[in-house]
Amino acid sequence: MPTHTVFRLPTRNTIEDIVSLNEEIPTPSKHEVLIQVRSVSLNSRDIQIATSAYPAYVKENPIPCSDAAGDIVGIGDGVRGFEIGDRVVVSFDIAHQYGPQKDFLTCQGGGVDGVLAEYIARPASAVVKVPKTAVQSYAELAALVCTGTTSWNALYGNVALKPGQTVLVQGTGGVSMTALVLAKAAGAKTIVTSSSEEKLDFVKSKLQPDYCINYRTTPDWAAKALELTNGKGVDHIIEIGGIGTIEQSINAIAPGGVISVVGYLATCEPASRPDVPLLSLLKNCVVRGVLIGPRCMLEDLVTFVTGKELRFLIEKEYPFTREGVVEAYKAIQGGKHVGKICISLE
């Protein structure tokens with residue numbers, strides 16, 4: 001039987017625990033397709049899984065990573081609608097078709113094996129075909145799976161973003177930069193916050209947000225956001241910090257606005273933790289947890305970004321070798337990147 005290279009995490013203490021193995025190339029079942037992986041996009045979740053810090057279920061000895069783009073190279077007898085050579089992306093949760101996330105048992109790279117392999121077999125129902133006219137690279141397409149669908153869910157999954165509204169994104173990581181691109185394409189005004197003037201200058205040059213706020217030099221960035229919106233407040237906020245930044249987000253949000261909580265990177269002293277229920281009640285806003293999104297949202301996102309010919313920031317692509325994979329993980333762990341870190345199999 002022909003073999004391919006697969007990475008696994010037999011132990012999950014550090015990112016150095018990852019191992020490279022030769023395994024048989026999977027054979028697609030009746031309702032599956034076989035995909036030759038071309039690019040894998042990394043997320044902070046991948047670091048958490050590799051270091052046993054992820055709060056949800058993880059299977060034994062998993063193939064890590066959840067975000068991949070590639071080409072169809074095999075099709076099960078019961079599959080319709082795909083052809084050999086189609087470019088595709090695979091939904092983060094292979095069983096999540098629509099509605100809210102209910103569990104994590106079938107999420108790639110955690111509950112089930114992930115995509116850090118040369119070939120993967122997946123249910124056709126979990127796969128989204130990329131139009132032949134798409135201008136995005138495999139790395140850009142892979143980045144749509146987690147950060148892209150999360151951003152789409154945040155902006156359209158509850159109260160849909162409207163042209164002319166204002167979107168504030170925290171930081172310059174993958175979700176925030178993807179949401180920035182989507183918001184601008186939808187006709188929204190955009191605000192980016194960061195503690196790094198260098199990162200803000202880079203984002204200005206590449207993505208042209210309407211406003212940037214350095215929260216190190218402007219700790220009360222909510223007041224600045226209110227000033228920039230003539231006192232109205234921000235309509236959508238991509239909340240990355242969690243408990244450490246949520247009070248500022250509520251202060252900055254417009255009445256009836258939506259704060260999409262997608263991360264929990266910031267901390268604060270227990271004695272100074274904000275009363276989120278009361279603050280959100282007084283502001284009459286929505287504070288909503290966003291856990292990626294279903295396949296139907298990924299499909300809508302792919303349609304939107306290919307039709308609009310949107311391009312996304314890829315900080316660096318690392319080679320598909322053990323050394324390259326470890327370096328890519330370290331780049332995510334270091335947090336100095338702007339946009340996405342990917343692993344290339346092309």
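**View 1. Thr 150 is buried, with a relative accessible area of 5%.** Buried here means under 20% relative accessible area, exposed over 50%, and partly exposed in between, with a 1.4 Å probe and protein chains only. The model is predicted: local features need pLDDT of at least 70, side-chain atom pairs count only at pLDDT 80 or more, and totals for chains, interfaces and linings use all residues. Residues are numbered from 1 along each chain as its sequence is written, and side-chain values use heavy atoms, with hydrogens and water left out. Thr 150 lies in helix α3 (helices are DSSP runs of H or I, at least four residues, and strands runs of E, at least two, numbered from the N terminus). Its side chain reaches the backbone oxygen of Cys 146 at 2.7 Å. Leaving aside residues up to four places away in sequence, Thr 150 touches Val 175, Val 262, Val 290 and Ile 292 (contact: heavy atoms within 4.5 Å).

**View 2. Helix α9 covers residues 295–308.** Its 14 residues reach 20 Å from first C-alpha to last, close to the 20 Å expected at 1.5 Å a residue (1.5 Å times one less than the number of residues). Buried residues of α9 include Met 297, Leu 301, Phe 304 and Val 305. The buried residues of α9 pack against β5 (87–90), β7 (127–129), α3 (144–156) and α4 (174–185). Glu 309 follows α9 and has a positive phi, near 55°.

**View 3. The count of disulfides is zero.** A disulfide is a pair of cysteine sulfur atoms within 2.5 Å. The sulfur of Cys 296 has its closest cysteine sulfur in Cys 107, 15 Å away, too far for a bond. Cys 296 is partly exposed at 30% relative accessibility, and Cys 212 is partly exposed at 23%.

How values were computed
A polar contact is a pair of N or O atoms within 3.5 Å; within protein, one must be able to donate a hydrogen and the other to accept it, and residues adjacent in sequence count only if both atoms are side-chain atoms.
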